[in-house]
Amino acid sequence: MRRAGQITAAARALAGKMVRPGVTTLEIDTAVRKFIEGQGAIPSFLHFPGPPGVRDFPGAACISVNDEVIHGIPSNQVLKEGDIVSLDAGVIYKG
């Protein structure tokens, strides 16, 4: 669990450094996913099953901008100056 927490913290730090005008939430998500997988871990949110009739979660991270509710789905939304970005991520490491 300690290593999973370290990987998650580093992935969140990477995402935080990427938050700037002109970057999309999908670009951040892709970088987070590649980082986590590069550490030998699995993004725990990726393909998390939704309720019946709702698709599985498509991102490695939940990224919400401004007044969006938590668990925002990464997209081609371009960040602008002054946006407030929240990000949640999790990792599965060695089961």
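User: How many salt bridges does the structure hold?

Analyst: There are two salt bridges in this predicted model. One joins the side chains of Arg 33 and Glu 37, with 3.1 Å from N to O. The other joins Lys 80 and Asp 83, at 3.9 Å from N to O.

User: Why can side chains pair like that?

Analyst: Side chains of opposite charge can pair when their charged atoms come close.

User: Where do Glu 37 and Arg 33 sit relative to one another?

Analyst: Both are in helix H2, which covers residues 25-38. They are four residues apart there, so about one helical turn separates them.

User: Is Glu 37 buried, exposed or partly exposed, and which is Arg 33?

Analyst: Glu 37 is partly exposed, at 37% relative accessible area. Arg 33 is also partly exposed, with 34% relative accessibility.

User: And the other pair, Lys 80 and Asp 83: buried or exposed?

Analyst: Lys 80 is exposed, with a relative accessibility of 52%. Asp 83 is buried, its relative accessible area being 16%.

User: Where is Lys 80 found?

Analyst: Lys 80 lies in the loop that runs between strand S2 (61-65) and strand S3 (85-89). Its C-alpha is 9.8 Å from that of Val 65, and the two are 15 residues apart in sequence.

User: New topic. How many residues has the largest nonpolar core?

Analyst: That core has 17 residues. Those with the most contacts inside it are Ile 28, Val 32, Ile 36, Ala 61, Leu 87 and Val 91. Helix H1 (2-18), H2, S2 and S3 each give two or more residues to the core.

User: Which element gives the largest share?

Analyst: H1 does, with five residues.

User: Go back to Ile 28. What is it in contact with?

Analyst: Leaving aside neighbours within four places in sequence, Ile 28 is in contact with Ala 15, Met 18, Val 19, Val 23, Ile 63, Leu 79 and Leu 87.

User: Last one, Thr 24. Where is it found, and is it buried or exposed?

Analyst: Thr 24 is in the loop between H1 and H2. With 11% relative accessibility, Thr 24 counts as buried.

User: What does Thr 24 contact?

Analyst: Apart from neighbours within four places in sequence, Thr 24 is in contact with Ser 75, Asn 76, Gln 77 and Val 78.

Definitions and conventions: Residues are numbered from 1 along each chain as its sequence is written. This is a predicted model: local features need pLDDT of at least 70, side-chain atom pairs count only at pLDDT 80 or more; totals for chains, interfaces and linings use all residues. Side-chain values use heavy atoms; hydrogens and water are left out. A salt bridge is a side-chain nitrogen of Lys or Arg within 4 Å of a carboxyl oxygen of Asp or Glu. Buried means under 20% relative accessible area, exposed over 50%, partly exposed in between (1.4 Å probe, protein chains only). A nonpolar core is a set of buried Ala, Val, Leu, Ile, Met, Phe, Trp, Tyr and Cys residues joined through side-chain atoms within 4.5 Å. Contact means heavy atoms within 4.5 Å.
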